[in-house]
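Reader: Could you please take me slowly through how a protein surface that lies along DNA is read?

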Protein chains: 2
Amino acid sequence: MTARKSADLRRADIVEAVLDLLASVSPERLSTSRIAAKVGVSHGALFRHFPTKDDIWRSVMEEVEHRAQRAWAKASEIGGGPRDRLRMLCLAQLGLIEQTPAIPALVMAPGRHVAEDSVRPIVLRLMAGLMDRMVALARQAKAAGNLRGDLQPDDIAALLLGILQGLVLRWSLSGRGFDLVTEGDRLVCLQLRLMAPSQPQEVSCD
Amino acid sequence: MTARKSADLRRADIVEAVLDLLASVSPERLSTSRIAAKVGVSHGALFRHFPTKDDIWRSVMEEVEHRAQRAWAKASEIGGGPRDRLRMLCLAQLGLIEQTPAIPALVMAPGRHVAEDSVRPIVLRLMAGLMDRMVALARQAKAAGNLRGDLQPDDIAALLLGILQGLVLRWSLSGRGFDLVTEGDRLVCLQLRLMAPSQPQEVSCD
DNA sequence: ATAATAAGCAAGTGCTCACTAGCTTATTGA
DNA sequence: TCAATAAGCTAGTGAGCACTTGCTTATTAT
């Protein structure tokens, strides 16, 4: 018999529990009973706070979106040239995922999922948001002469984003068997070096 | 009442039906009833051919593995320098996925899935196999002077594989809204050009 | 031709799922 | 202090799940 909490606190608890559980259970196999057990509340009590499971998914995705916005904003505050800010944005994204491993599970949950209509649009919005930030930084970096002139900003972003996504996929499949940020920094710096203008210039990646 | 078939043919039908269905239903939500309906056979009849659903997953993964080996082998027969063979391997992988869109769903199915123990090891083996082929080609390309000398073969492969995986993820999320091979070829060629030795040399990507 | 076998069917079994109904009890504001 | 309200509980409901049972019928080998 847990201590009673206000509905707001309980809702936050539930969202937190879902994010925790998604580190080890796939979204499609995460049942409301397991969520209730994790929160420490009866199964029925869950539905006093969220009318349907879909509403839980919606709140979870809102929380994920907030965390992402926070991580990206923090990375952009660090300052430095656009090239460094691009690197920091990549690292911020990997750091976010390392701290919230539910994210890849939510993003990759494929096909027609019950919650598909709640989760998918926010996933797309998130990815588009990250892409936009990367394209903007790529454009600035190119203008500043930090990146080769023959590269389109969206291609720069597509290559970097792909490298991040591929790395996260391998990290998830490997059971998170390596340090995501460390390995990511290595690859991102390598890629930024490849995209540097042809006259070799020092790279601040170490 | 479908015409009777031999067990071997029926098993092949079932595997085929699963691959078809996985283009639109996630692996965790694909029920044996839906498979039976797609095959055109009663639900119970399925279990005459496969003792458990896990056995279906195993056969499906074997089929996927055969298709991948075939696609990769075919790409390596084309010939050309190691650099071109690396490009062709990437395109073969994308072509395979375009023809069998079940593959990303199977690879990305996260977390503890019922069939996890049947599917996961083969997914890992497949990815490791592709990685090995890419690393070997990268090593050859580097030795032939087609790629920068300061790049490690595994890093070359990791970058390229990441670009492929990121692209496939975006393709899946977008509802397969663009041509995977066309866009992939563009990005792969771009990346190969970035990894070319510093003295600019012609690239056979068009 | 016919017995043996192989492929199929309808109708279940017990389980888990998301969600509900109806009651109980802790907190709170007048 | 004590009703009103908000948060909780137990015990369901029907639907869908993987899988089984017992019977039927098509194919095939003698």
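**Reading a surface near DNA**

Author: By class, the surface near DNA strand D is made up of five nonpolar, eight polar and seven charged residues. Here Ala, Val, Leu, Ile, Met, Phe, Trp, Tyr, Cys and Pro count as nonpolar, Asp, Glu, Lys and Arg as charged, and the others, Gly among them, as polar. This is a predicted model, in which local features need pLDDT of at least 70 and side-chain atom pairs count only at pLDDT 80 or more, while totals for chains, interfaces and linings use all residues. Residues are numbered from 1 along each chain as its sequence is written, chains are lettered from A and ligands numbered from 1 in the order in which they are written, and side-chain values use heavy atoms, with hydrogens and water left out.

Reader: Which residues come nearest to DNA strand D?

Author: A residue is near a strand if one of its heavy atoms lies within 4 Å of it. Of the 20 residues around DNA strand D, the nearest are Ser42(A), Arg48(A), His49(A), Thr32(B) and Lys53(B). Sugar or phosphate holds 57% of the atoms of DNA strand D within 4 Å of the protein, and the rest belong to bases.

Reader: Which element gives the most to the surface near DNA strand D?

Author: Helices (H or I, at least four residues) and strands (E, at least two) are DSSP runs, numbered from the N terminus. The element that gives the most to this surface is α3(B), with four residues.

Reader: What is found around DNA strand C?

Author: DNA strand C is surrounded by 19 residues, the closest being Thr32(A), Lys53(A), Ser42(B), Arg48(B) and His49(B). The side chain of Thr32(A) has an N or O atom 2.6 Å from a phosphate oxygen of DNA strand C, and the side chain of Arg4(B) has one 2.9 Å from a base nitrogen.

Reader: What is the mean pLDDT of chain A?

Author: pLDDT is the predictor's confidence in each residue, from 0 to 100. For chain A the mean is 92, and 92% of its residues reach 70 or more.

Conventions: Polar contact = N/O pair within 3.5 Å; in protein donor to acceptor, adjacent residues only side chain to side chain.
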